[in-house]
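Colleague: Could you walk me through this one slowly?
Modeller: Gladly, and here is the picture to keep beside you.
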Amino acid sequence: MTDLLAESLYVVAALLFVLSLKFMAEVRTSRMGNICGVAGMAVAIGATLLAYQTQNVDLLVGAVAIGVVVGSPIGLKVAMTAVPQRTAMSHAFGSLAVALVGAAEYYHDAPAIDPATLSVLSGEMVLGFLTFTGSCIAFAKLQGLISGKPLLYRGRMFVSMGVLGVAIASAAYLVANPSQEMVLPLVAGAALVFGFLLVIAIGGADMPTVIAILNSFAGISAAALGFVLDNQLLIVAGTLDGSSGLILGIIMSKAMNRSFTNILFGGVGATVTGTTSTETRVAQTYTPEDVATIMRDARSVIFAPGYGMAVAQAQHVVKELADVLQARGIDVKYAIHPVAGRMPGHMNVLLAEAQVPYDQLWEMDRVNPLFPETDVVIVVGANDVTNPAARTRPDSPLYGMPILDVDKARTVVFIKRSMGPGFSGVDNELFYLPKTMMVLGDAKKVLTELLSSLRNMGN
Ligand code: NAP
């Protein structure tokens with residue numbers, strides 16, 4: 001009876017996870033997606049406690065309690081800009097747990113464990129352990145604990161592939177000789193070292209995409225463990241996690257015009273150290289008051305937000321400014337690039353937090369045709385996602401990345417602190433166009449001054 005109840009709750013949890021992903025696909029329903037995900041996990045934990053109640057329930061409850069105490073503040077207190085590294089930490093914990101359960105399962109059942117089960121278990125442990133160290137390095141790079149530069153050296157691929165080869169060969173040996181318990185530390189050690197080598201050679205810039213890929217690895221290893229433990233919920237949840245991480249990784253790489261192999265094995269420092277122009281050109285700098293004068297006569301304004309808006313936490317003042325402009329009868333829209341900021345949906349989340357109506361958010365493909373008829377585009381802390389080098393310079397690391405065509409608007413206002421490049425390290429020739437007004441300063445400060453200038457102007 002208890003088993004039946006636990007199995008039924010597993011089905012409910014699996015359904016909630018599927019609904020969670022479905023709702024997460026749209027900004028409008030994403031809160032509901034979050035609620036479904038949390039509810040699904042609560043049901044899953046409850047069902048697991050029920051299913052295993054005869055075996056050390058005190059240990060299980062203790063483990064859940066530790067998870068709640070450690071996890072809740074991390075979930076509640078982490079700033080939005082630190083979500084990528086927080087996610088890396090979650091994957092590190094998740095994959096370590098999966099790998100350790102796999103190791104415990106092996107030591108518990110060896111040498112009687114059958115070869116089919118042991119092959120799944122070995123593959124799961126290799127993935128789990130490499131995801132653990134890879135995620136820790138991703139966290140350290142994003143948090144600035146270690147340099148974000150890729151560690152590149154001669155023979156790097158040879159060393160990495162050699163270590164991966166050791167992990168796979170020792171795992172295969174273990175499958176053929178299940179009683180050789182001393183081989184497992186070698187499998188685990190080689191996988192841990194490979195995860196480290198893999199991610200340490202990738203630039204901090206590519207970490208959000210790497211995290212999506214590691215997410216996928218963690219999910220696949222959890223699904224494999226589900227097969228070993230005969231736990232259907234783990235299979236479903238792991239598969240959903242693995243496939244969604246993979247799809248997200250593909251979407252992100254496409255939006256950055258990169259391939260998976262280029263990200264994982266390309267020594268992606270190239271992205272950071274890309275072609276920065278050495279030409280001496282003069283940009284026109286303006287004050288917020290100058291911009292206010294232009295905006296007073298505008299009929300249409302599009303905001304193009306980017307990473308700098310997140311850093312400055314300028315989304316609320318952007319919304320206030322938009323309200324003032326709309327009250328003057330000016331048409332206002334927001335142009336959303338799929339990889340603006342540092343994580344998927346970064347701009348959507350910030351603007352939703354500032355209560356910007358969803359129907360004013362225009363995705364790149366829909367908004368691009370509107371720029372030629374737009375009077376003023378205000379680029380708030382965005383850079384790469386507006387850089388025309390992506391269209392015109394085949395030698396640029398940005399070449400081929402779809403961009404917001406802000407250069408086609410009548411006037412382009414850039415709000416940023418300096419003439420420096422963005423994430424890709426590539427100079428932006430838009431800064432030097434006659435139609436561009438550079439307003440240098442922190443986005444929140446500049447926009448606040450712009451807002452008060454507009455208000456002082458009256459009608
Ligand atoms: P970006 O190219 O990194 O440019 C952001 C700009 O914001 C910088 O040039 C910086 O210039 C400015 N800035 C920083 N702090 C500021 C502040 N307090 N006030 C005003 N401006 C400030 O950002 P983006 O245009 O959003 O492009 C995103 C980049 O990240 C793309 O290259 C994308 O491929 C990459 N990426 C995105 C994701 C994702 O999932 N979204 C994942 C991985 C990589 P100053 O220093 O001069 O102020």
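Modeller: A polar contact is a pair of N or O atoms within 3.5 Å; within protein, one must be able to donate a hydrogen and the other to accept it, and residues adjacent in sequence count only if both atoms are side-chain atoms. This is a predicted model, where local features need pLDDT of at least 70 and side-chain atom pairs count only at pLDDT 80 or more, while totals for chains, interfaces and linings use all residues. Residues are numbered from 1 along each chain as its sequence is written, and side-chain values use heavy atoms, with hydrogens and water left out.
Colleague: OK, how far is the ligand's oxygen atom from Gly 341?
Modeller: A polar backbone atom of Gly 341 lies 2.8 Å from an oxygen atom of the ligand.
Colleague: And what about the side chains of Arg 417 and Asp 442?
Modeller: An N or O atom in the side chain of Arg 417 is 2.7 Å from a ligand oxygen atom, and a nitrogen atom of the ligand has a polar side-chain atom of Asp 442 at 2.9 Å.
Colleague: Switching topic, in what order do the strands of the sheet run?
Modeller: The open sheet has six strands in the order β3-β2-β1-β4-β5-β6, with parallel pairing (strands are DSSP runs of E, at least two residues, numbered from the N terminus; two strands pair if DSSP finds at least two bridges between them).
Colleague: Why is one side of β3 and of β6 left without a neighbour?
Modeller: Because β3 (361-363) and β6 (436-440) stand at the edges of the sheet, each has a single partner strand.
Colleague: Which residue of β3 is the bridge partner of Ala 335?
Modeller: That is Trp 362, and β2 (residues 331-336) pairs with β3 over three bridges in the parallel sense.

Note on methods
Helix = DSSP H or I, 4+ residues; strand = E, 2+ residues; numbered from the N terminus.
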